[in-house]
Amino acid sequence: KSVLGRPAPPKDPAPRRHARPGHGISRAKIRENALKVLYRLKKAGDEGYLVGGGVRDLLLGREPKDFDVATNALPDEVKALFRNCRLIGRRFRLAHVHFGREIIEVATFRGHHDEGDDAGRTENGMIVRDNVYGSLEEDAWRRDFTVNALYYNINDFSVVDYTGGMEDLKAGRLRAIGDPRQRYREDPVRMLRAVRFAAKLGFRNDETSEAALFELGHLLEEVVPARLFDEILKLFMAGYAVETFELLRHYRLFGYLFPDTDELLHYEDEGFPLTFIVRALENTDIRIREEKPVTPAFLFAALLWEPARRQAALLREADASPIQAIQMAGDEVVARQVRHVAFPKRFSLQAREIWALQERLARRNGKRPLRLLEHPRFRAAYDFLLLRAEYDESLVELAEWWTRLQEEDESGREKLCAARPSSGRRRRRRRRGGGKKAES
Ligand code: ATP
Ligand code: MG
């Protein structure tokens, strides 16, 4: 039976089973703690499968980010098996088995709702509760994409495939399970997941999924802002931010996440502000690859810089001081943004500091620069200035000056401060004719 668009499992549940010699997953590639969980379940007489991104990435020869386990054991039964287990879950109950900092997520097979049971849905068919347990087969059909619904069976080391995921994986195809329109209506975040996996894996969305993506972006307006924030971090802080940004723009989804920024991207001026965002995202990707820390504050500061900068310019025209202007603009831009995507205070405060520091970095008189070096957000603000200087030539001298100041020892710093140009004019130099815009 088909339940409100939930793809109905076929009558004859004949999944394709790929025996160990027919696939590339070896136990040596599975993280030890995930194996421990699987073996413990097996020993207790329960079924244990590795599923989701772990299986998908191993089959692709990539290093999985995390390992998810699916089982027929109920959450309380899972909890009883592990000392280090906590039950969590807003939308559904999950068991988290903790090994130091590593968490293995263990989910009981989920089923589908009974026919006509729309108690767990909104008017538009969005699922808000999803906590009916089911069989392995049902669990497979309620997952998002075929390549995410492959199960590695710890009992015989085979891969179980109900939805044709193996074939899609080989073809580099991201295919929603069932009718993409219905699946995206049930949970619009799946659209962002479609973009995320396409960017990360270099997969294409299949044709019907693509059409649905182009059509249904507005459904993102229904998603609670906090969930969008979590999803944005996954989109932009996984090392594929540039591809992700381009795909979000391509499917016209970006505007539902950052409406003010999106609108201003249409007023492109010699590649700005688009190139600034892309450079900031490139920077994030490189830092992640080098395993350097990245903060959501910097990311949001970059993504919202153009609206903040424009608003500050308007306020300056209305006679606000530059510092006041950027602070007020920051407040306004953040207040508008959090109506769409949550932006926790601890991060938005930092983003506003990064913006305000752009003004303060431009003031180099007296001992100010030496004090600024001690500011907790100095490093982030300086990195931000470097990015701005890439497209704004009038900032190059300033950026280089701050670079030098940091390299000097104490006496060198004092000398540099004493010798700094007496008027701001020198750094206002513009390239003549067709030069880049000298805006800050
Ligand atoms: P990643 O590499 O980012 O961890 P993943 O595929 O493992 O990718 P998770 O968010 O960890 O993604 O989810 C694990 C699995 O749970 C997915 O592979 C998918 O099968 C299922 N899943 C997650 N979110 C959804 C959703 N919104 N709708 C349906 N299935 C989902
Ligand atoms: Mg995962």
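Me: Hi! What does Arg56 do at ligand 1, in terms of its polar side-chain atom?
Reply: A polar side-chain atom of Arg56 sits 2.9 Å from an oxygen atom of ligand 1. A polar contact here is a pair of N or O atoms within 3.5 Å. Bear in mind that this is a predicted model, where local features need pLDDT of at least 70, side-chain atom pairs count only at pLDDT 80 or more, and totals for chains, interfaces and linings use all residues. Residues are numbered from 1 along each chain as its sequence is written, ligands are numbered from 1 in the order in which they are written, and side-chain values use heavy atoms, leaving out hydrogens and water.

Me: And which residues have a polar atom by a nitrogen atom of ligand 1?
Reply: An N or O atom in the side chain of Arg190 is 2.7 Å from a nitrogen atom of the ligand. Asp144 uses its backbone: a polar atom there is 3.2 Å from a nitrogen atom of ligand 1.

Me: How much of ligand 1 does the protein bury?
Reply: The protein buries 86% of the 580 Å² that ligand 1 exposes when taken alone. Those areas come from the Shrake-Rupley method with a 1.4 Å probe.

Me: Which residues come nearest?
Reply: Arg56, Lys65, Asp187, Arg190 and Arg196, out of the 17 residues around ligand 1. Being near means having a heavy atom within 4 Å.

Me: Which element gives the largest share?
Reply: H7, with 5 residues. Helices are DSSP runs (H or I, at least four residues) and strands likewise (E, at least two), numbered from the N terminus.

Me: New topic: how do H15 and H16 pack?
Reply: Helix H15 (residues 305–317) and helix H16 (residues 322–337) meet at about 130°, with axes 8 Å apart. The pair is therefore oblique, since angles under 35 degrees count as roughly parallel, over 145 as roughly antiparallel, 65 to 115 as roughly perpendicular and the rest as oblique. H15 passes H16 in a right-handed crossing, meaning that the near helix is turned clockwise from the far one by less than a right angle.

Me: What about Asp319, where is that?
Reply: Asp319 is in the loop between H15 and H16. Its phi is positive, about 80°, although it is not a glycine.

Terms used: A polar contact is a pair of N or O atoms within 3.5 Å; within protein, one must be able to donate a hydrogen and the other to accept it, and residues adjacent in sequence count only if both atoms are side-chain atoms. Axes are lines fitted to C-alpha atoms, for helices over the stretch in contact, and angles run from 0 to 180 degrees between N-to-C directions.
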